[in-house]
Amino acid sequence: MKQELRAVEWTGNGLSLIDQTALPHELRRVAVRDVDALVDAIVRLVVRGAPAIGAAGAYGVAVALLEGERRGWGRTELDAAVERVRDARPTAVNLAVCVDRVAPLVDRGLDAVLAEAHAIVGEDLRANHDMAVHGADWLVERVAVGRPLRLLTHCNTGALATAGWGTALGVVRELHRRGLVEVVHADETRPLLQGARLTAWELAHEGIPHYVQADGAAAATILRGEVDAAVVGADRIAANGDTANKIGTVGVALACAYAGVPFMVAAPTTTVDLDTASGADIPIEMRDGAEVLQWAGVRTAPAGSRGHNPAFDVTPGTLVSALVTERGVLEVAAGRLPGDHLR
Ligand code: MRU
């Protein structure tokens, strides 16, 4: 039995994170004992993926509590530290939701805070397994091609991006478990290569046949009929079904719509934000332009060029064939909205 990856773990006196910047070359963990280190880890994508940063944020309240005890913080300083964790990245709603769920427990002490953070992790793990089954069932029924499926995914949505197992990649893993995956096209996911570095690593770990392809190859692969379905994750899903995910996702969705290929979004209900009416209201993280002006640390663009580096885009709900959560499948493009599911 292979060891299941745990990107975020509580060690007793702090957080242990898989350093996702070092993969696939090195599997190493980093210890996080203070809020500065945690914010830095979230911003640099040492820990990344909406549910995983939610879990890190939940434990971050415990990190802040322990640091506050060591440094003699008063309540104002503790609240400010928790707020910094909450605001470390803006797009994935899971981070704020998880911090807000745990923060009110600080008055009850470390054990209460940790119990809630552990509960969040347990719920995410269960949600991942449940949505994997729902998503796989839907694809088997709707994409009845009579042979194993050729899938496309974007960014990384596996065990590394969650409490364990994965969302979109969890669906892929479940299909593979049933012997129903021919191949996965993993978009490399410029500029930080979550697909080429992390998804390919997880797929290899699971023995799932795959290609890594340039993001720019996705539309052509879909239009040439080489993909039976695209399965992606989400960072925030608005009330109307508009979905923020890694930059490049909307191009995949458009190509799928044009080609009549199902476009599936798999995410836990913690990623659904009914307070956000539509995608236009989702805050999109803008990252340092330098990330797109270089390759492996070497500048590739001319000295005078500026980088444009939005980390996420928004796919209109009208392009989402199926939204899979732990509660089941919603056919958003057909008019079923996330609120039908959650209210
Ligand atoms: O910038 P990242 O790597 O945190 O972006 C991650 C994604 O866009 C994922 O698709 C999303 O968070 C879902 S992870 C289960």
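Biologist: How many bridges join strand β8 to strand β9, and do the two run parallel or antiparallel?

Modeller: This is a predicted model, in which local features need pLDDT of at least 70, side-chain atom pairs count only at pLDDT 80 or more, and totals for chains, interfaces and linings use all residues. Residues are numbered from 1 along each chain as its sequence is written, and side-chain values use heavy atoms, without hydrogens and water. Strands are DSSP runs of E with at least two residues, and helices are runs of H or I with at least four, numbered from the N terminus. Strand β8 covers residues 236-238 and β9 residues 243-246; they run antiparallel, and the number of bridges is two.

Biologist: Which residue of β9 is the bridge partner of isoleucine 237?

Modeller: Strands of a sheet pair through backbone hydrogen bonds. DSSP must find at least two bridges between two strands for them to count as paired. The bridge partner of isoleucine 237 in β9 is threonine 243.

Biologist: Which are the edge strands of the open sheet?

Modeller: The four strands have mixed pairing and follow the order β11-β8-β9-β14. Each edge strand pairs on one side only; they are β11 (272-273) and β14 (312-315).

Biologist: What percentage of the residues of the protein chain count as buried?

Modeller: A residue is buried when its relative accessible area is under 20% (1.4 Å probe, protein chains only). For the 343 residues of the protein chain, the share is 57%.

Conventions:
Buried < 20%, exposed > 50% of the residue type's maximum accessible area, 1.4 Å probe, protein only.
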